[in-house]
Amino acid sequence: MRVCIIPGDGIGPEVIGAAAQVLRALVPEAAIEEAEAGWGAFERHGVALPAATLAAARAADAILFGAVASPSHAVPGYRSPIVQLRRDLDLYANIRPVSSADAQRSVDLVIVRENTEDLYTGRERLEDDGAMAIAERVITRRASARIAHTAFDLARRRAAALGRPGRVTVVHKANVLRVSDGLFRETVLAVARDYPEVAVEEMLVDVAAMRLAQTPERFDVLVTTNMFGDILSDVACINGGGLGLAASANLGDGRALFEPVHGAAPDIAGQGTANPLAAITCVAMLLEWRGLPAARLRAAIADVLRDGPHTPDLGGAARTTDVTEAVLARLRYR
Ligand code: NAI
Ligand code: MG
């Protein structure tokens, strides 16, 4: 197995370093190749996603991505490399599972986010001498249909595995965005007819945000457009112990990139206190996607979550290396 690791900026290298150690421990024969992307790469090479990185990502069986720091102001020539990677590799489905870290609440949901279009196509322009900014929102039937199939297939598999009926919540804002979200809604509901055994419901995105905060246990699989999925997955991950634990997969046909949901976290970068468990959970998702056993790793992560050590985001005082070492130690003794 060839794995391309792209550490990126900020805490990206800290948490991906931890993930790579775990990957090496579990799959010693894996060929791990490192590639650059992000703000640091932009400063060094004048390009945020060097051609060599894209080539390495294409050649690999799977990609482990850390995080990149993208400026909030326009910088000529800079484009977010993760958005570009998702598009260039056609990683159209962003899978963001959340399960509850504590026993009181049984949250077990997955956000399935469309990953290639919507407002993230970067079609923005200024008009009226810079007094008006316009962003184009692109929604296609093709992309909506394939993300719908991903969501309903997932709901069907989860229902079979968990021995209970499956449900997909279609999240949109078609009451306002009648044309664009109207097309998304109509396309997803048409695909739903191919899955009569999976229940389907619709929810407006603002209500979905409230319910994800209030009654997250009511959800199974949610399917939504790119930006809504981006925002809702940060809301949802609170139920799973926060950004330090949230992992995600970006899936295309036969290709996959795994990344923590969090960003480069400049406020804690370089301090050695970033929680590596989101990145380490990405390794578990990668193994599962390849059909390799990941139960030992899942159990090791659960043990460390229960018994510590915990990094500051979980209320502890441990360092990234302490948590990584604790996971590795449990893998050795299991
Ligand atoms: P962020 O996710 O980097 O951080 C938000 C908050 O969560 C911060 O207080 C941070 O310290 C904390 N946090 C995040 N990950 C953590 C971890 N593993 N352990 C402990 N605490 C953690 O989001 P923010 O601050 O809005 O963005 C910072 C930079 O990251 C920006 O340049 C943004 O563009 C970029 N970003 C990149 C993403 C990616 O590469 N996929 C995703 C989100 C943001
Ligand atoms: Mg995000």
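Predicted model: local features only at pLDDT ≥ 70, side-chain atom pairs only at ≥ 80, totals over all residues.
Residues are numbered from 1 along each chain as its sequence is written, chains are lettered from A and ligands numbered from 1 in the order in which they are written, and side-chain values use heavy atoms, with hydrogens and water left out.

View 1. In contact (heavy atoms within 4.5 Å) are 24 residues of domain 1 and 23 residues of domain 2.

**View 2. A salt bridge at the domain interface.** How many salt bridges does the rule find across the interface of domain 1 and domain 2? There is one, where the rule asks for a side-chain nitrogen of Lys or Arg within 4 Å of a carboxyl oxygen of Asp or Glu. Arg-146 forms a salt bridge with Asp-90, and their closest N and O atoms are 2.7 Å apart.

**View 3. An open sheet of ten strands.** Helices (H or I, at least four residues) and strands (E, at least two) are DSSP runs, numbered from the N terminus; two strands pair if DSSP finds at least two bridges between them. The strand order is S2-S1-S3-S12-S11-S4-S5-S10-S8-S9, with mixed pairing. At the edges, strand S2 (31-34) and strand S9 (198-204) each pair on one side only. Strands S1 (residues 2-8) and S3 (residues 62-67) run parallel, joined by five bridges. Look for Ile-5, which stands opposite Leu-64 in S3.

**View 4. Helix H6 on the sheet.** Helix H6 (residues 180-192) packs on the sheet and touches S8, S9 and S10. Its direction makes about 165° with that of S8; axes are lines fitted to C-alpha atoms, for helices over the stretch in contact, and angles run from 0 to 180 degrees between N-to-C directions. Leu-189 lies in this helix. Leaving aside residues up to four places away in sequence, Leu-189 touches Val-170, Val-200 and Glu-202. The C-alpha atoms of Leu-189 and Ala-148 are separated by 8.4 Å, though these residues are 41 residues apart along the chain.
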